Amino acid sequence: MQLKISILNGERKGQSFLIEEMIVPSHPHTWLKDSEAIEFTLTAPSNFTSASLYLYDHKIDATRYEFVDSDNICFTWTPKARAFNKFELLFFNFFGVAEFSVRLEDKQANLTTTIPFDAVEVLASKARARSVEDMIFYLSELGEDKLHALFQTTKFGADFKHGGDSPNGSLERIEATLSRIEFIIPKILMRPLSKLSPEKKMLFANGEEHLDESAISWLADNLSVLETTDDPHRAHLEYEGEYYKANVIQTSVLVEKTDIYENQVIHGTIELLLSQINTLLFDYQTTIGSSNPKNVKHPLGYVSFFSQITKFKTNLFDSQIKRCDQAIQSLKRLKRELDSRLPVERSYLSRPMITPKAQANHSYRAIFIEYIDWIERRKPDWSVYKNLMAITSIDKLFELYSFYRIDESLQRVLYKSSRHTWLFGSNEIKLLYEPNYWMPRNKNSFEAVLVNAEKYTIQRNGTFKERSQDRAYSRRTPDFAIEIKANDEPIKLIVLDAKYTSREKAFIEYLPSCTMKYVHGIQYKNNSGSAVTSMTIVHPSEYGTFDSFHTDEQSIFGNYSSTPSLQSIGICLDESREKDKLTELVKELILHSGINVLISDLESEQLILNSTSLGLEKTLEYES
């Protein structure tokens, strides 16, 4: 089947194109502007009686249908009309890759079919794309190591190889090794290990040479080099009373040679480091270039999400690429110097064994140990960046941005922590990304404290039925949760969900929906009472807005704050982010949960922890 897209406004009004059923996911080669109103058309077999178009989780029912003939039916999705001959825009506030699917229903046969279609890229005007640039700038300023730490400790890094270095950590290790080697190798070149080996050489003869058997044998085969001489003391041989002296002679000479195992290891160390840094450079360059769709021309004044992400990756990795180039040049210089002053026939490229000679020489021993360390080290882990670079829409980018803004607020309210976890004696506060809360009888909730306790699920046809307990999606997964464990008290949960949407939609549509899903849907498995103390929708805002479901006195900032506390907050994306109330809100949400953490001085290493449920107050020390 083919999904037809027709453009109803703008410069391309009247144009249409077809997108095919998806066989394998690929970069989109078709684009739409975020300001274009579009109509969808699909022709399907006539046994299907209804159709719904899905843009990710957003469902759009067909606005009309008509039978083309006895075998085919045509479904059409037309946007709602607005004043002044305008239409509702499907992609308003959308930027990135749009993936469509159509769900067809044959009610008589009780048959449902879902057809995925190839993705389309939605372009944004440069003015609207500014928010992406702001978020990208913020994330790139965090640096590679902080992003890597994020993926290590959240579900972003589901494929993370525990114990693997970050690419930047691997680069720093190469640089540190190179610095030590550059200090050690000049010492080795001053007094290299070597061996004395006999070597046959042609020498100009003066008659004082000591001839061994090989030299005499050579003379016997090369009599033409002999000439008569009157000096018996300088003659090499006497024959029938005549003395003969050779002009040149081949003889064995002891020569100092550096082609020994220990020096082959020195060369192998440099070649291994060159191989490692070249691989790292290639991976950096490949990562930067991997998101760019080829041969797609975009209209003037509009920006591709992929080009923005490429800027992000360039900003993030540009300095690392320069450092790789510098390290490569230094290693090549060292290799040329070794080839000239410490020649060997081959390099040793396996795990070396420390020989007695290397053990006795401090410089050689240090190189051997470096080589062994590199042979045994783990490869840099790129899986976290594969996930990061898989972000294809502004919605996912806003999630990542929101996570770091929330983490930043927790750092200010509590103390600096690189693991998104804060400890206060037996108390713990943890920031989670997309935690799963499974149904009570699901195998994944065997040891869980919190579960998804919803009995029914609402179906897309408007009916409801009992939720399955053993499916892969028998769970609730909020974007973020701040999990609070206070002594032996039950876990408390602060839930936040990031939505790249308007202030109105965040409050009117998403706050009620998420309240039902998370506040009422997440409960204790074996305890009564409510686990979720608050629900917050995080959305972008130019001015840093805040909207509470409750009146001022009963809001999270009021004297009589309600439980659960329900609100939406707009966070700034540009440099004015200090204007929003996110940090203030995070602090109040923690206080509201029952743990009271007061910081008199943000630079101080003393925190006063007051657990209201226990009536305890004590001063705690922590290590930053």
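**Labels and the values behind them**

Modeller: Of the 624 residues in the protein, 48% are buried. Keep in mind that this is a predicted model. Its secondary structure comes to twelve helices and 36 strands.

Colleague: Why does F546 count as buried?
Modeller: Buried means under 20% relative accessible area. F546 has 18% relative accessibility, so F546 counts as buried.

Colleague: What makes the pair of F546 and F557 edge-to-face?
Modeller: Ring planes over 60 degrees apart count as edge-to-face. The planes of F546 and F557 are at 70 degrees, so the pair is edge-to-face. The ring centres lie 5.0 Å apart, and a pair needs centres within 6.5 Å. F546 lies in strand β32 and F557 in the loop between β32 and β33, so the pair ties together parts eleven residues apart in sequence.

Colleague: Why is the pair of F403 and F480 called tilted?
Modeller: Stacked needs planes under 30 degrees apart and edge-to-face needs over 60; the rest are tilted. The planes of F403 and F480 are at 55 degrees, so this pair is tilted. The centres of these two rings are 5.9 Å apart. F403 belongs to helix α10 and F480 to strand β28, 77 residues apart, and the pair links distant parts of the chain. Both F403 and F480 are buried.

Colleague: How do you know that R12 sits over the ring of W31?
Modeller: The charge has to be within 6 Å of the ring centre and within 35 degrees of the ring normal. R12 lies over the face of W31 at 3.8 Å from the ring centre. R173 lies over the face of W374, at 5.1 Å from the ring centre.

Colleague: What makes β28 and β29 a pair of strands?
Modeller: Two strands pair if there are at least two bridges between them. Strands β28 and β29 are joined by five bridges and run antiparallel. In this pair E483 stands opposite L493 of β29.

Definitions and conventions
Residues numbered from 1 in each chain as written. Predicted model: local features only at pLDDT ≥ 70, side-chain atom pairs only at ≥ 80, totals over all residues. Heavy atoms only, no water. Helix = DSSP H or I, 4+ residues; strand = E, 2+ residues; numbered from the N terminus. Buried < 20%, exposed > 50% of the residue type's maximum accessible area, 1.4 Å probe, protein only. Phe/Tyr/Trp six-rings, centres within 6.5 Å; stacked < 30°, edge-to-face > 60°.
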